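Okay, my turn at the group meeting.

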Amino acid sequence: MTGRKYGGALAALLAVGIVGGCGTVAERQDDVRDTAARFQAALHDGAYDRACALLAPDTEQELQQSAASPCPKALSQESLPAGGAVRHTDVYGNQARAVLASDTLFLSLFTGGWKVVAAGCETRPGRPYQCTIKGG
């Protein structure tokens, strides 16, 4: 699954531009930061079941279908970078981007909180991000 494009992700984030949902912008940024840090910690610890619980439903489903195996096994087989510390977050409505030391995650707000919709994302000047895992 490596090399998948997360087409227009940043453009979509910027197009939303309106802060919605509950909490202040700072609270929402903190929530995104916490979710990204928990996702990275779970990957670092090899706790793929915990990491899968933080994936958006479509992302988890696509990962399982592509690998033809349950999410924890499929995620363990991906070559996601060790993301490191969260450097900053951008929150636009129900969408967010978390830029880590060595990775970029895209997240969406669901009823149960923030979920990772794409991970292992690399910037490509003048082109959309390219992500290792993403939802359909």
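So, the chain has five helices and six strands, where helices are DSSP runs of H or I with at least four residues, strands are E runs of at least two, and numbering goes from the N terminus. Along the sequence the pattern reads β-α-α-α-α-α-β-β-β-β-β.

Quick housekeeping. This is a predicted model, so local features need pLDDT of at least 70 and side-chain atom pairs count only at pLDDT 80 or more, while totals for chains, interfaces and linings use all residues. Residues are numbered from 1 along each chain as its sequence is written, and side-chain values use heavy atoms, with hydrogens and water left out.

Now the inside. Which residues touch the most other members of the largest nonpolar core? They're F39, L75, L105 and L107, out of 26 residues in that core. A core here is a set of buried Ala, Val, Leu, Ile, Met, Phe, Trp, Tyr and Cys residues joined through side-chain atoms within 4.5 Å. Helix 2 brings the largest share of this core, five residues. Take F39: leaving aside neighbours within four places in sequence, its contacts are A51, L54, L55, L80, L105, V116 and A119. There's also a second, separate core of seven residues, with F106, V117, A118 and C121 among them.

Staying with helix 2, which spans residues 25-45, T35 sits there. T35 is buried at 3% relative accessible area, and beyond four places in sequence it touches L54, L107 and W114. Q40 is in helix 2 as well, and at 8% relative accessibility Q40 counts as buried. Its contacts, again skipping neighbours within four places, are P81, A82, G83, G84, L100, D103 and L105.

What about aromatics? The count is one pair, using Phe, Tyr and Trp rings (the six-membered one for Trp) with centres within 6.5 Å; planes under 30 degrees apart are stacked, over 60 edge-to-face, and the rest tilted. The rings are those of F106 and Y129, with centres 5.0 Å apart and planes at 80 degrees, so it's edge-to-face. F106 is in strand 4 and Y129 in strand 6 (residues 127-134), so the pair ties together parts 23 residues apart in sequence. F106 is buried at 2% relative accessibility, and Y129 is buried at 8%.

I get three, with a side-chain nitrogen of Lys or Arg within 4 Å of a carboxyl oxygen of Asp or Glu as the rule. D30 and R33 meet at 3.8 Å, N to O; they're three residues apart in helix 2, so about one helical turn separates them. D30 is partly exposed at 42%, and so is R33 at 28%. D45 bridges to R50 at 3.3 Å between the closest N and O atoms. And R97 pairs with D90 at 2.4 Å between the closest N and O atoms. Are R97 and D90 buried or exposed? Both are buried.

Methods:
Buried < 20%, exposed > 50% of the residue type's maximum accessible area, 1.4 Å probe, protein only. Contact = heavy atoms within 4.5 Å.
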